[in-house]
Every structure is written in C-alpha cells, then in structure tokens.
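Okay, thanks for having me, everyone.

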Amino acid sequence: MPFSKSPFTTGVKGGPRGYGEVVPRDSSPARVRDPERAEKILTAAETLFATRGFHEVSLADIGREAGIVGSGVYRHFDGKVAVLSAVLDRSLSALLERAEAILRDDERPPEETLDALIGTQVDYCLDDRFAVRLYRTEVTALPEETVRRLRRLQRRYISDWVGVLVEIRPELEDVRARALVQAAIGAIHSSVYFRSGLGREAYSRMLTEVAWQVLRSPLR
C-alpha cells in the first residue's frame with residue numbers, strides 16, 4: 001500500500017519534529033520527494049527494526065538498506081522515531097481499511113463477515129509479520145501521544161469485530177465479546193513468532209479454525 005501521511009504519523013516531513021540520532025542533513029538543493037523512495041525507506045526500516053531491534057538500527061543503516069544515503073531519509077522523515085511511527089501507521093491503517101471494506105458489504109451475512117475479518121487478520125500476520133512484531137515490542141519507543149493514537153486505532157479495529165460477533169451471538173455481554181475477540185486475534189498473532197513448517201494454505205486454515213473455536217467458546 002503506498003505510504004501516505006495520516007493523523008497517526010508523527011515526524012513525517014511537514015509534521016511535528018521526531019526524535020532519533022542526528023545524521024548530517026543533505027545540503028543539496030531541495031527536490032520533489034519520491035513516494036516510492038519513502039516506501040523503500042519504510043520497508044527497509046520495518047525489516048531492520050524487527051530483526052535487529054529499534055535501538056540497534058541507525059538512519060545510516062536504513063538508508064543503506066533502502067539504497068540511499070542515511071541523510072536522504074530526512075527528505076521524507078524527521079528522524080528514526082518518525083520512521084517507526086510511519087511503519088506502524090502504514091500497517092495498522094491498511095489493516096483497518098481492509099476490515100472496514102468488508103463491513104461496508106451490507107449484503108454479507110454476519111458469519112461470512114466475521115470469517116472475512118478472520119481471514120484478513122490471518123493474511124496480515126502471515127504477510128506483514130515484521131510490522132506485527134514491531135507493534136508488540138517497539139511501540140514504547142514512540143512519543144506518548146503517538147502511542148495513544150495507535151491504541152485508539154487498535155480499539156476501533158477490535159470494535160469492528162465485536163459488532164459482528166454480537167450479531168452472531170447476541171447473548172454475549174460486551175465485555176465477554178471483547179475478551180473473545182482479543183483472544184482470537186492473540187491466537188492468530190502468535191504465528192509471527194515462529195515458523196510452523198506448514199504450507200501457507202494449511203497454516204492459514206489452521207489459524208482460521210483456531211480463531212473460530214475461540215469465538216465460539218461457550219458461556220460458563
């Protein structure tokens with residue numbers, strides 16, 4: 001998904017100043033910013049942050065991985081924390097957009113809607129495992145206001161699931177429905193921490209079945 005500035009992104013050029021180590025700025029004349037280069041920076045940073053840890057990666061490392069000089073990152077972002085914020089924002093925003101596209105289909109029965117949401121979550125974890133891992137391990141490196149905004153985005157996504165689940169299981173109280181949704185998503189998220197050895201299709205089916213088992217858990 002092409003990168004675009006959003007209210008959840010801190011320190012993208014034109015926004016509030018980010019944090020991070022100082023890299024000498026490129027003194028060459030200003031150029032039109034290339035959105036494809038911004039995408040390369042985010043993809044490179046996502047991989048490096050997830051595999052080496054946020055604090056072990058420099059802007060020079062990110063630039064080198066993206067095929068540019070480290071100071072070139074400043075043409076798109078105000079610092080390393082701004083890059084991390086944009087990586088997480090890109091990932092979570094794309095997930096939420098896919099979920100809301102599913103919910104806009106009013107003709108789809110609730111069981112099919114929830115199955116589609118589960119499938120979207122499974123694909124997200126299998127295809128974007130580095131971003132999922134970063135959100136769980138490095139979000140505390142961000143400014144508090146950015147963390148709060150990302151948490152609100154996450155709660156909005158959870159609420160989308162809850163709304164569909166209570167259509168299927170109207171006997172559930174809100175607190176119980178939210179707990180089940182969190183548990184189902186957590187089960188899917190566990191896939192980002194190990195390699196199952198299963199093929200993509202088989203693993204996807206297994207994760208989908210596990211999520212459904214959680215969501216169908218009987219009241220005690």
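Predicted model: local features only at pLDDT ≥ 70, side-chain atom pairs only at ≥ 80, totals over all residues.

Residues are numbered from 1 along each chain as its sequence is written, and side-chain values use heavy atoms, with hydrogens and water left out.

Now the fold. The protein has eight helices and zero strands; helices are DSSP runs of H or I with at least four residues, strands are runs of E with at least two, and numbering starts at the N terminus. Of the 220 residues, 49% count as buried, where buried means under 20% relative accessible area, exposed is over 50%, and partly exposed is in between (1.4 Å probe, protein chains only). As for contacts, meaning heavy atoms within 4.5 Å: taking those between residues at least 6 apart in sequence, 74% join residues at least 24 apart.

One loop to point at: G67 sits between α2 (59–66) and α3. G67 counts as exposed, because its relative accessibility is 64%. I41 is 26 residues away along the chain, and the C-alpha atoms of G67 and I41 are 8.7 Å apart.

On to the charges. Side chains of opposite charge can pair when their charged atoms come close. How many salt bridges does the structure hold? There are 15 salt bridges, each one a side-chain nitrogen of Lys or Arg within 4 Å of a carboxyl oxygen of Asp or Glu.

Take R90 and E46, whose side chains meet in a salt bridge at 3.2 Å, N to O. R90 is in helix α3 (residues 80–103) and E46 in helix α1 (residues 35–52), so this pair ties together parts 44 residues apart in sequence. Are those two buried or exposed? Both R90 and E46 are buried.

Next, R200 and D127 form a salt bridge, with 2.6 Å between the closest N and O atoms. R200 belongs to helix α8 (residues 200–215) and D127 to helix α4, so here the parts being tied are 73 residues apart in sequence. R200 is partly exposed, at 40% relative accessible area, and D127 counts as exposed at 53%.

R205 and E201 bridge at 3.2 Å between the closest N and O atoms; they both lie in α8, four residues apart, about one turn of the helix. R205 is partly exposed at 45%, and E201 is exposed at 60%.

Last stop, a surface patch of negative charge: E111, E112, D115 and E167. Patch residues have over 30% relative accessible area and no salt bridge, with like charges joined within 9 Å, and nonpolar side chains (Val, Leu, Ile, Met, Phe, Trp, Tyr) within 5 Å. Which helix gives the most to the negative patch? That's α4 (residues 110–127), with three residues. E112 lies in α4, and E112 counts as partly exposed because its relative accessibility is 48%.

Conventions
Areas by Shrake-Rupley, 256 points an atom, 1.4 Å probe, with all protein chains shown as cover. Lys, Arg positive; Asp, Glu negative; His and termini not counted. Charge placed at Lys NZ, Arg CZ, Asp CG, Glu CD.
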